[in-house]
Amino acid sequence: MIVVPPQSTVLEVANLRVRFGQTAAVRGISLRIERGETHCLVGESGCGKSVTALAVMGLLARGAERQADVLRFHDHDLSRLNERGMARLRGDRMAMIFQEPMTSLNPAYTIGSQMTEVLARHRGSSRREARVRAAELLARVGITAPELRLGQYPHQLSGGLRQRVMIAMALLCDPDLLIADEPTTALDVTVQAQILRLLQRLQRELGLALLLITHDLGIVARMAHRVSVMYAGEVVESAPVEALFAAPTHPYTRGLLDCIPVPGASRRDLPLGNIPGVVPRIAPTFAGCAFRDRCGHAIAVCAEAVPWRRMADGHGYLCRLTEDWDKAA
Amino acid sequence: MKLRARHIATVLGAVIVGGTLVVAIIAPLLAPHDPFAQDLMRRLVPPEWLGGTALNPFGTDQLGRDYLSRLIYGARISMLIGILTVVTSGTIGVTLGVLGGYFGGRVDDAVMFAITARLSIPLILVALTVVALTGSSLTVVVLTLGLLLWDRFAVVARTTTMQVRNLDYIAAARAAGASRLHILLREVLPNIVSHLLVVATLEMALAILLEAALSFLGLGVPPPLPSWGLMIAEGKDYMFFSPWVIMVPGIALFVLVLGINLLGDGLRELLGAGRSQ
């Protein structure tokens with residue numbers, strides 16, 4: 001991994017907590033994303049990945065309570081910004097793309113008018129300037145005949161094209177941070193690969209900080225510089241991508257990796273791994289390891305506070321077990 | 001075949017409503033006589049097809065005024081009332097409905113309270129009170145109907161906004177830095193407008209019928225204005241010997257309201273099909 005000077009931190013989050021009434025959706029997440037870095041948040045449905053992204057963007061639904069020790073984007077303290085201040089950053093300095101390209105574009109307007117509007121809002125561009133810039137970006141995300149596409153409505157475009165348009169829209173104002181919430185989940189496999197390649201290329205060219213949310217470890221392996229594995233609203237393991245795949249340490253991460261068949265490596269005579277049970281709903285008063293009910297190594301101590309253990313190269317995990325637990329046994 | 005029949009009905013509705021609108025606009029060019037001019041020598045002349053003359057094709061009323069001319073000018077009143085009422089009540093209802101549906105919580109509680117309160121107000125009674133206090137005029141009718149008929153707009157705007165509110169493109173617009181006002185006006189409204197158009201046609205038909213009813217009861221448009229409802233009211237004493245005095249405006253009302261409803265049904269089909277694609 002490239003070593004980057006510390007002042008290029010784009011997003012820093014420490015101890016972020018989000019509650020919906022009596023459910024704690026995010027319970028003390030810390031992340032740091034540098035310029036030019038792809039940080040993957042990975043975990044199963046309902047583990048709080050998307051809520052984390054929405055909390056950073058300030059887009060949580062009514063009734064959600066957000067708290068954080070640090071929530072910093074460049075030199076902006078996001079926890080102190082009001083709605084107007086957030087609106088100024090969103091779409092300009094920080095942008096987001098969503099899972100469902102079929103519904104992320106407003107069906108009532110052409111692609112062109114949706115794109116130029118963003119530029120008019122943040123840059124005060126004239127219609128003509130904005131159209132030129134919009135066409136330029138459509139070309140950049142690999143859309144042929146951008147001029148034609150600008151005049152079309154979302155329903156005239158395929159899912160893959162729409163996701164490209166969403167990406168182009170997100171990049172209109174040259175943001176520093178792009179949050180992509182499962183950007184390829186709704187697309188078929190070949191289109192998925194194209195979109196991922198595109199994101200990777202754009203990220204390198206523009207030096208974006210990319211927060212990529214996914215449940216697909218294949219995507220993680222190919223895209224991420226750094227990975228945070230989430231479980232029940234917490235980061236249970238965080239590491240540079242090579243370290244995570246080489247030495248997964250948290251029992252949950254191990255379990256996840258065991259669930260993936262590897263052609264040529266998985267043994268045909270053994271059943272594929274699985275993790276029994278489902279992600280629990282966590283009340284705000286919950287203490288101890290949230291994974292203990294599904295963990296084969298759980299003992300009574302797991303119901304008490306669990307330490308965050310640091311290993312070499314910024315690899316860390318949240319468990320009572322020591323680093324060499326599987327070798328000791 | 002079925003689709004074709006529906007298509008014909010929609011076109012028929014559009015022709016009736018459009019035709020009435022044109023007649024209303026160019027009434028002075030079409031009307032053969034002054035609708036207010038009385039001719040006491042030619043009272044209750046039957047229409048041409050019942051033995052009258054070409055001078056008064058639809059006959060005359062009890063004061064000798066040309067019935068065709070009054071019918072044509074009456075279209076103005078009906079269309080004016082229909083359109084102004086829909087604009088007024090639509091503005092009120094859609095504003096309330098969209099606010100309640102989008103913001104939810106306390107705002108929505110307030111909107112729901114307003115809707116329930118409005119539904120418990122009997123329209124005719126209010127009209128009676130208002131006319132008793134202010135006297136009857138076209139403005140009073142438009143205001144009374146406009147300020148009371150917004151409930152359906154509010155209900156439909158509220159539920160459709162709630163559906164649209166949670167869609168991804170609203171979140172995407174917020175993620176792109178759009179303000180609340182922008183989201184309400186430019187993201188939500190265009191996507192519920194098809195539903196509102198259908199409500200608008202229903203409300204317009206209702207407003208026209210209510211105006212006729214109010215005028216019939218003497219609470220609406222004051223004489224000598226040629227409102228279709230008023231024409232029926234004025235003619236009811238003569239209907240046994242001169243049935244056309246209520247038949248002619250009655251049929252006009254029926255056809256116009258039917259036309260609006262056909263158009264509304266057609267719009268619903270058309271816009272509904274457009275959405276599911």
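Colleague: How many helices and strands are there in chain A?

Modeller: This is a predicted model, and in it chain A has eleven helices and 13 strands. The radius of gyration of chain A is 21 Å, close to the 20 Å given by the globule rule for 329 residues, so chain A is as compact as a globular protein of that length.

Colleague: What does the C-alpha trace of chain A span along its principal axes?

Modeller: The spans are about 70 × 50 × 40 Å. Of the 329 residues in chain A, 43% are buried. Among contacts in chain A with a separation of 6 or more, 64% are between residues 24 or more positions apart.

Colleague: Let us turn to the sheet. In what order do the eight strands of the open sheet in chain A come?

Modeller: The order in chain A is β7-β8-β9-β3-β10-β11-β13-β12, with mixed pairing. At the edges of this sheet stand β7 (94–97) and β12 (308–310) of chain A; each has a single partner strand, so one side of each is left without a neighbour in the sheet. From one strand to the next, the twist averages 15 degrees.

Colleague: And β8 with β9 in chain A: parallel or antiparallel?

Modeller: Strand β8 (residues 177–181) of chain A pairs with strand β9 (residues 209–214) of chain A in the parallel sense, over five bridges. Within that pairing, Ala180(A) has Leu212(A) in β9(A) as its bridge partner.

Colleague: What is found at Glu182(A), in the loop between β8 and α7 of chain A?

Modeller: Glu182(A) has a phi near 45 degrees, a positive value in a residue other than glycine. The loop that holds Glu182(A) runs between β8 and α7 (189–206) of chain A.

Colleague: Is Glu182(A) buried or exposed?

Modeller: Glu182(A) counts as buried because 20 C-beta neighbours lie inside 10 Å, and the cut-off for a buried residue is 20 or more.

Colleague: Now to β1 in chain A. Which strand does β1(A) join through nine bridges?

Modeller: Strand β1 (residues 9–20) of chain A is joined by nine bridges to strand β2 (residues 23–34) of chain A, and the two run antiparallel. Thr9(A) has Glu34(A) in β2(A) as its bridge partner. The hairpin of β1(A) and β2(A) has two residues between the strands, and Gly21(A) takes a positive phi near 55 degrees there.

Colleague: In which sense does β1(A) pair with β4(A), and in which sense with β5(A)?

Modeller: β1(A) pairs with strand β4 (residues 64–67) of chain A in the antiparallel sense over four bridges. With strand β5 (residues 70–73) of chain A, the pairing is also antiparallel, over four bridges. Val18(A) has Arg66(A) as its bridge partner in β4(A), while Leu11(A) stands opposite Phe73(A) in β5(A).

Colleague: Moving to chain B, at what angle do α3(B) and α7(B) pack?

Modeller: Helix α3 (residues 67–103) and helix α7 (residues 151–165) of chain B pack at an angle of about 35 degrees, with their axes 7 Å apart. The crossing of α3(B) and α7(B) is right-handed. Residues that make the contact include Gly93(B) and Gly97(B) of α3(B) and Ala154(B) and Ala157(B) of α7(B). By class, this contact of α3(B) with α7(B) has ten nonpolar, eight polar and three charged residues.

Colleague: Finally, how many residues of chain A are in contact with chain B?

Modeller: In chain A, 23 residues are in contact with 16 residues of chain B. The elements that give two or more residues to this side of chain A are α2 (83–89), β7 and α3 (111–123) of chain A. The largest share, three residues, comes from α3(A). By class, the side of chain A that touches chain B has eleven nonpolar, six polar and six charged residues.

Notes:
Residues are numbered from 1 along each chain as its sequence is written. Chains are lettered from A and ligands numbered from 1 in the order in which they are written. This is a predicted model: local features need pLDDT of at least 70, side-chain atom pairs count only at pLDDT 80 or more; totals for chains, interfaces and linings use all residues. Two strands pair if DSSP finds at least two bridges between them. The radius of gyration is taken over C-alpha atoms; the globule rule is 2.2 Å times the number of residues to the power 0.38. A residue is buried if 20 or more other C-beta atoms lie within 10 Å of its own, exposed if 12 or fewer, and partly exposed in between; C-beta atoms are placed from the backbone. Two residues are in contact if their C-beta atoms, placed from the backbone, lie within 7 Å. Axes are lines fitted to C-alpha atoms, for helices over the stretch in contact, and angles run from 0 to 180 degrees between N-to-C directions. A crossing is left-handed if the near helix is turned anticlockwise from the far one by less than a right angle, and right-handed if clockwise. Ala, Val, Leu, Ile, Met, Phe, Trp, Tyr, Cys and Pro count as nonpolar, Asp, Glu, Lys and Arg as charged, and the others, Gly among them, as polar.
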